[in-house]
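Visitor: I'd like to learn how to read a few features in a model. Could you walk me through them?

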Amino acid sequence: MRCSLRKFLKISICLFISVISIVSYFHDNFEKSFIAQRQSFGQKQHGVLGPVDHQDSDIELLSRKQRNAMSVETITDDEKEKRKNVHPSLKSKNERTELSDIFIAVKTTKKYHDRRLKLLINTWIGQAREETYIFTDDNDKLDLPDGHLINTNCSNTHYRIALSCKMAVEYDFFMLTGKRWFCHLDDDTYLNVPGLVKLLQSYNHTDDWYLGRPSLRHPIEVMKRSNPEQKIAFWFATGGAGFCISRSLALKMMPHASGGRFMTTSDMIRLPDDCTIGFIINNLLQKELTIIDRFHSHLEALWFVRNLQDQLTFSYSDTNIVHIDGFPKKQDPSRLYSIHCMLFPTADICDTLRKGITVA
Ligand code: UDP
Ligand code: MN
C-alpha cells in the first residue's frame with residue numbers, strides 16, 4: 001500500500017512537470033514568433049513606410065506587413081538603380097570600384113558650351129553620362145541627363161576667383177554624393193573612361209590619394225598673404241590634365257574646402273583652383289601627390305605622347321595637339337575625335353565622321 005502511494009505520487013509529479021513543460025514550450029514559441037514578426041515588420045517599415053505603431057491589432061499588423069512587402073517589391077528596377085547611384089557608399093568597401101563610384105566634374109563656361117563641351121558630350125561623356133556633372137556659369141539646353149548641368153552662378157571669367165568659385169561648388173557637390181572618387185577635368189580634356197576606372201580600381205578609396213600630373217618640375221613657391229616673409233612650397237596636379245582625389249582624402253580636406261572655405265583658402269595663397277587643391281593637400285594636410293604620367297594637359301608637348309591607347313587624358317590648344325593619323329585636321333582640329341575613334345571605332349559618332357561630316 002505504502003509502495004503504491006509513493007508510485008502514485010511519483011506519477012502525479014511527472015505528469016504535472018510534463019504538462020507545465022508542454023504549456024511553457026508552446027507559450028515561448030508563440031511569443032518568439034510574435035516578437036520576430038514585429039521586429040521584421042519594424043525593420044522593413046523603417047525603410048519604406050514610417051514608424052511602427054505598437055497599438056495595431058494583429059490583423060492590421062498582418063495586412064500592413066503584406067502591403068509593406070508589396071511596396072518593397074513594387075519599387076521598379078529603375079528606382080532601385082537610382083537609389084544605388086545616390087548612395088553608392090552603401091556598397092561594401094571591399095567591393096570593386098566601378099564607373100558608378102566615380103564623380104566626374106567638368107569645369108566650363110557658357111561661351112565654351114558649343115565650342116568645347118559638345119565635343120566632349122559627343123565622345124567620352126556619352127560613356128559616363130550618369131557620372132559626369134558639368135559646372136558652368138549659365139543655364140543652357142544640352143544633351144545631358146536632368147540636373148547634370150550645374151549653373152554655379154560663379155562669374156564667367158578666367159580669373160582666380162571665378163575658377164576657385166566653380167571648384168568650391170564641385171567639391172561640395174561631390175561630398176553630397178557619397179561617391180568614392182572625385183575627378184576634375186577641364187572642358188578641353190578627353191577622358192579615356194574605361195582606362196580611368198581601371199586606374200582607380202588599383203587604389204583604395206578609403207586611403208588618402210591625390211592622383212594627377214604636375215605642370216611644373218618643381219613645387220610651386222608662394223608667399224603667404226598673412227605673412228609675406230614666409231615662403232611656402234607645394235606640389236599641385238594641373239587641372240588641365242585632370243586629377244582625382246579619394247573620398248578619404250576629400251573628407252580630410254573639409255576644414256579647408258567645404259561650405260565656401262575653399263574660397264578663403266584660395267585667397268590665402270592668391271592662386272587659382274588647382275593650385276589651391278594642391279596647397280590644401282600637399283601643404284596643409286601634408287599628403288603626397290601621386291604622379292600619373294598617363295594624364296596629359298596642353299602645358300606639355302602633346303606631339304611627343306606615344307602609345308595613345310594607354311593614355312588616360314589628353315588636351316589640346318591652338319598650337320599643341322596630339323599627333324595621330326585620324327580624321328583630317330579641318331574636320332577634327334583638336335584631334336579628340338580621332339583619339340576617340342581609335343579607342344572606340346564602333347562608336348556611332350565615328351560612322352558620321354568617317355562619312356566626312358563635320359560635327360560640333
Ligand atoms: N574657364 C572658365 N571661365 C572662363 C574661361 C575659362 O571657367 O572665363 C574654364 C574653361 O572652361 C576650362 C578652364 O577654365 O575648363 C581652363 O580654361 P582654358 O582651357 O581656356 O585655359 P588654360 O588655363 O587651360 O590655359
Ligand atoms: Mn585649357
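Visitor: At what angle do helix α5 and helix α10 pack?

Guide: Two packed helices are described by the angle between their axes and the distance between the axes. Here α5 (residues 160-177) and α10 (residues 273-284) pack at about 60°, axes 8 Å apart. That makes α5 oblique to α10 (under 35 degrees is roughly parallel, over 145 roughly antiparallel, 65 to 115 roughly perpendicular, the rest oblique). This is a predicted model: local features need pLDDT of at least 70, side-chain atom pairs count only at pLDDT 80 or more, and totals for chains, interfaces and linings use all residues. Residues are numbered from 1 along each chain as its sequence is written, and side-chain values use heavy atoms, with hydrogens and water left out.

Visitor: Which residues of α5 and α10 meet?

Guide: Leu 163, Ser 164 and Met 167 in α5 meet Asp 273, Thr 276 and Ile 277 in α10 (contact means heavy atoms within 4.5 Å).

Visitor: Is His 184 buried or exposed?

Guide: Buried means under 20% relative accessible area, exposed over 50%, partly exposed in between (1.4 Å probe, protein chains only). His 184, in strand β4, counts as buried at 1%. Among the residues His 184 touches are Met 167, Glu 170 and Gly 239.

Visitor: Which protein donors does the manganese ion (ligand 2) have?

Guide: Donors are N, O and S atoms within 2.8 Å of the metal (3.2 Å for Na, K and Ca); water is not among the atoms, so sites may look incomplete. The manganese ion has Asp 188 (OD) and His 298 (NE2), lying 2.1 to 2.3 Å from it. Those two are 110 residues apart. Asp 188 is buried at 5%, while His 298 is partly exposed at 30%.

Terms used: Chains are lettered from A and ligands numbered from 1 in the order in which they are written. Helices (H or I, at least four residues) and strands (E, at least two) are DSSP runs, numbered from the N terminus. Axes are lines fitted to C-alpha atoms, for helices over the stretch in contact, and angles run from 0 to 180 degrees between N-to-C directions. Lists of a residue's contacts leave out its neighbours within four places in sequence.
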